[in-house]
Structures are given as C-alpha cells and as structure tokens.
Amino acid sequence: MAELTEFERGLLVGLLIGEGSFGGDGKQPQITLRMHVRHEALFRWLVDRLPDTRLYGPYHHGGRSYYQWMVRGPALVRDVLPLLEAELHPELDGHAAERLSQMLERYSGYIARERGRLERE
C-alpha cells in the first residue's frame with residue numbers, strides 16, 4: 001500500500017464512519033462500503049490506494065445500482081485497522097466506534113493471528 005496523505009487518511013476514515021459496515025463472515029472480519037454507481041471514481045480511488053482490497057459490481061438490484069468495496073484479510077489487518085484504531089474514537093463518532101469495537105472483539109483471535117503472521121514476514 002502506498003503511504004496515505006493526511007487528507008487521504010481523513011477521507012478514508014470519514015467514508016468508513018459514514019457509510020462503512022464493520023462485520024465479518026463468522027470466520028474473518030471485513031469492512032464493506034456500498035454506494036451508488038455515481039461514486040465509481042471514489043471506489044477506484046480506494047482500490048488504487050489500497051490495492052489488496054476488492055471492488056465488486058456494479059450491481060443492479062431492486063431498482064438500485066451500486067458498487068461494493070470490501071477489505072478483509074491481510075489488507076484489513078495491515079492497512080485499515082491501524083488507521084481506524086488510531087483515529088476512530090467514541091468522541092468522534094460513538095456509533096461507528098462501537099461497531100468497530102464489536103468487530104475487533106468478535107474477531108480478536110483472527111486479528112491476533114494475522115498480526116503475528118504479518119510481523120514474521
């Protein structure tokens with residue numbers, strides 16, 4: 001991943017606070033961002049800066065057209081979680097901080113294993 005500027009870090013955190021979903025599939029954590037296709041350039045910007053993430057779509061379902069961006073695995077643990085852990089606090093946005101905290105707790109074992117693996121590389 002390229003080093004993000006202060007602006008890029010803020011934009012990423014803001015997007016995830018406002019539109020992100022913090023969860024997982026029961027085995028590993030993931031963060032998902034789903035928005036209208038008119039935001040395609042922003043999604044391409046995300047993938048350009050975080051190349052180990054995935055962009056899916058466009059999807060056309062139920063009268064809606066959207067892209068879905070996902071980050072999980074090493075990219076989540078290495079690139080995105082450190083940023084969110086440093087910047088996302090209850091004083092900034094209590095709801096988003098709680099969602100992140102729940103994800104970190106639910107997947108703490110996976111995150112610890114992945115961090116250990118990344119440190120050994």
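Tutor: Let us begin with how elements are named: helices (H or I, at least four residues) and strands (E, at least two) are DSSP runs, numbered from the N terminus. Residues are numbered from 1 along each chain as its sequence is written, and side-chain values use heavy atoms, leaving out hydrogens and water. The model is predicted, so local features need pLDDT of at least 70 and side-chain atom pairs count only at pLDDT 80 or more, while totals for chains, interfaces and linings use all residues.

Student: Where is Leu100 placed?

Tutor: Leu100 belongs to helix α4, residues 94-106.

Student: Why is Leu100 called buried?

Tutor: Buried means under 20% relative accessible area, exposed means over 50%, and partly exposed lies in between (1.4 Å probe, protein chains only). Leu100 has a relative accessible area of 4%, so Leu100 is buried.

Student: Which residues does Leu100 touch, not counting residues up to four places away in sequence?

Tutor: Contact means heavy atoms within 4.5 Å. With that exclusion, Leu100 touches Phe22, Leu81, Leu84 and Leu88. By way of contrast, the C-alpha atoms of Leu100 and His39 are separated by 24 Å.

Student: How do you know that the span of helix α1 agrees with its number of residues?

Tutor: The expected span of a helix is 1.5 Å times one less than its number of residues. Helix α1 (residues 6-19) has 14 residues and should therefore span 20 Å; its end C-alpha atoms are 20 Å apart, which agrees.

Student: Which residues of α1 are buried, and what covers them?

Tutor: The buried residues in α1 are Glu8, Leu12, Val13, Leu15, Leu16 and Ile17. Their cover includes the strands β1 (20-24), β2 (29-36) and β4 (64-72), together with the helices α2 (40-49), α3 (73-87) and α4.

Student: What makes Arg9 and Glu87 a salt bridge?

Tutor: A salt bridge is a side-chain nitrogen of Lys or Arg within 4 Å of a carboxyl oxygen of Asp or Glu. The closest N and O atoms of Arg9 and Glu87 are 3.4 Å apart, and the pair forms a salt bridge. Because Arg9 lies in helix α1 and Glu87 in helix α3, the pair ties together parts that are 78 residues apart in sequence. By this rule the count comes to nine salt bridges.

Student: Why is Arg9 called partly exposed?

Tutor: The relative accessible area of Arg9 is 29%, so Arg9 is partly exposed. Glu87, at 38%, is therefore partly exposed as well.

Student: How many Å separate N and O in the salt bridge of Arg115 and Glu85?

Tutor: The distance is 2.6 Å, N to O, and the side chains meet in a salt bridge. This pair links distant parts of the chain, with Arg115 in helix α5 (residues 108-120) and Glu85 in helix α3, 30 residues apart.

Student: Is Glu121, the partner of Arg117 in a salt bridge, buried or exposed?

Tutor: Glu121 has a relative accessible area of 67%, so Glu121 is exposed. The closest N and O atoms of Arg117 and Glu121 are 2.4 Å apart.

Student: Why does Thr53 count as buried?

Tutor: Thr53 has 4% relative accessibility and therefore counts as buried. Thr53 is placed in the loop between α2 and β3 (54-61). Leaving aside neighbours within four places in sequence, Thr53 is in contact with Leu46, Val47, Trp69, Met70 and Val71.
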